[in-house]
Amino acid sequence: MKLTQEEQKILDGDQGETMAKIMKTVVEFGDVFGAKKLIPVTHEGHLVTSFGIGLIKPLFRIMDEIISAGITSKVKFTVDPRPIDYVNVKCSPLNKLIFSKIMYSQQKRYEQQLKKIGLRNENDFTCTCYLDEVNNIPKYGDILCWAESSAVVYANSVLGARCNRNSGMLDIFSCILGKVPEFGLLTDEGRKADYIIEVKTSTIPEAQVLGSAIGLKVMEDVPYVVGLDKFLGDKLDDKTKSYLKDFGAATASNGAVGLYHIENLTPEAVKFGKKLIKDNAKIYVIDDAELERVKNSYPVLWKKPNKKAELAFIGCPHLSYLQLVSWANNIIDKLKANGRKRVKVRTILTTSPQVREKFSKTELFKELGKTGVKISCICPLMYTNNPLAGKHRIATCSNKLRTYSSSRYYIDEEMLNLIC
Ligand code: F3S
């Protein structure tokens, strides 16, 4: 990689040993991917590592080294959700012990470190930093250094910003330098589509299953989706953005998609149309039968699959305000229709602290509380990611949570029936 004089000086140690190591790491990362140069980051960061897992000692050591060297990040950042919330997601004493003393034993220390280096605000723990209430919203063409896969795919596809699927630590190092290596999704060529996806379903496809089908097929390639605008229209309103949030998270976790284009809808597809498609692009047709096939292929990892769920998580990625209101209304209405007052299964809706705060001021919040449903701001995956959780029967309508845990997947309608 060719460095500017200033970058070379940092690499040579002009700004101290720690900055030199940070620069060396970012440069070597770029070299691996054939980057020719570093380019400036033009918007706030977002970090994937939000959890103080005691085992990842090098992370805390590196953070301490950065702080001792007096280094702060060039751009402020938001962070993925916290792992625990004992008030709204109650745990058994044994679970609590495992979380507090073993798994997330470094949580307080790590959050202090984040604040010292450049956390934007102490409430900024969510994977949906790009929603209005959280307001870490990149503009079209902004260069980012994010790593959270669901946020990267949203920023690239729905906002038209430019970001690679970086790993944890690379995101913070690039925030500190204010530079990222230019390769992959930061280049015009890297944003062209390798696949044409033809959506030929009879009704609007479930976002999480459609995203899953595409992710499993294209893996890390860029898909150009035709036929979906028939259902979604050509406006990026809140409803469509919520749909694309969940769709994208499924493409990014069931596969490794960092960018998708939706014909007539997402900004680059609107601007460039079919010019975005590579000459030799492959074609994948998705109809009702294909979606059914994909959904039926998900393994059920519960030890006793015929027994009812013990816990339901809704909101991975975190629910938008619109989705939270819609789930609350649907649950209340369904319970009324079934002659019930409270949900049958312990249910947690997860959303950002900012959306929760807004929702907590409404009458609907109080009404929902009476049904037994809780609203939390944790990452459900961090909750399920412990040796005891695997024993419980957890239901989810998130294809990302299904993929990374032993939770069982249900489409939204099935989930509503199950909990009510
Ligand atoms: Fe967000 Fe955690 Fe799901 S970071 S996307 S809630 S796995």
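This is a predicted model: local features need pLDDT of at least 70, side-chain atom pairs count only at pLDDT 80 or more; totals for chains, interfaces and linings use all residues.
Residues are numbered from 1 along each chain as its sequence is written, and side-chain values use heavy atoms, with hydrogens and water left out.

Let me begin with the sheets. When I say helix or strand, I mean a DSSP run, numbered from the N terminus, of at least four residues for helices (H or I) and at least two for strands (E). Two strands are said to pair if DSSP finds at least two bridges between them.

On we go to E5 and strand E8 (residues 277-286), which pair in the parallel sense over six bridges, and here Ala 193 has Ile 277 in E8 as its bridge partner.

How much of strand E5 is covered? For this we need the relative accessible area, where buried means under 20%, exposed means over 50%, and partly exposed lies in between, using a 1.4 Å probe and protein chains only. By that scale, six of the seven residues of E5 (residues 193-199) are buried, and the strand is mostly covered.

The other open sheet I want to show has five strands in the order E11-E10-E9-E12-E13, again with parallel pairing. Its edge strands are E11 (374-376) and E13 (408-409), each of which pairs on one side only. Strand E9 (residues 311-319) pairs with E10 in the parallel sense over five bridges. Among the facing residues, Phe 313 has Ile 348 in E10 as its bridge partner, and Ile 314 stands opposite Leu 349 in E10. Strand E9 is mostly covered, with nine of its nine residues buried.

Now to the charged side chains. A salt bridge here is a side-chain nitrogen of Lys or Arg within 4 Å of a carboxyl oxygen of Asp or Glu, and by this rule the count comes to 24.

One of these joins the side chains of Lys 274 and Glu 263, at 2.6 Å from N to O. The two partners are eleven residues apart, with Lys 274 in the loop between helix H11 (267-272) and E8, and Glu 263 in the loop between strand E7 (261-262) and H11. Which of the two is buried and which is exposed? Lys 274 is exposed, with a relative accessible area of 54%, whereas Glu 263 is buried, at 13%.

Another salt bridge brings together Glu 357 and Lys 361 at 3.4 Å, N to O; Glu 357 is partly exposed at 45% relative accessible area, and Lys 361 counts as exposed at 64%. A further one is formed by Lys 366 and Glu 363, whose closest N and O atoms are 3.1 Å apart. Both residues lie in helix H15 (residues 363-369), three residues apart, which is about one turn of the helix, and Glu 363 counts as exposed at 56%. There is also a network of salt bridges that links Glu 44, Arg 120 and Asp 124.

Patches are made of residues with over 30% relative accessible area and no salt bridge, with like charges joined within 9 Å and nonpolar side chains (Val, Leu, Ile, Met, Phe, Trp, Tyr) within 5 Å. Lys 90, Lys 96, Arg 342, Arg 346 and Lys 374 form a positive patch of this kind. Of these I will pick out Arg 342, which lies in the loop between helix H13 (321-337) and strand E10 (346-351) and is partly exposed, with a relative accessible area of 48%.

Key
Accessible areas come from the Shrake-Rupley method with a 1.4 Å probe; for residues, only the protein chains shown count as cover. Lys and Arg count as positive and Asp and Glu as negative; His and the chain ends are not counted. The place of a charge is taken as NZ of Lys, CZ of Arg, CG of Asp or CD of Glu.
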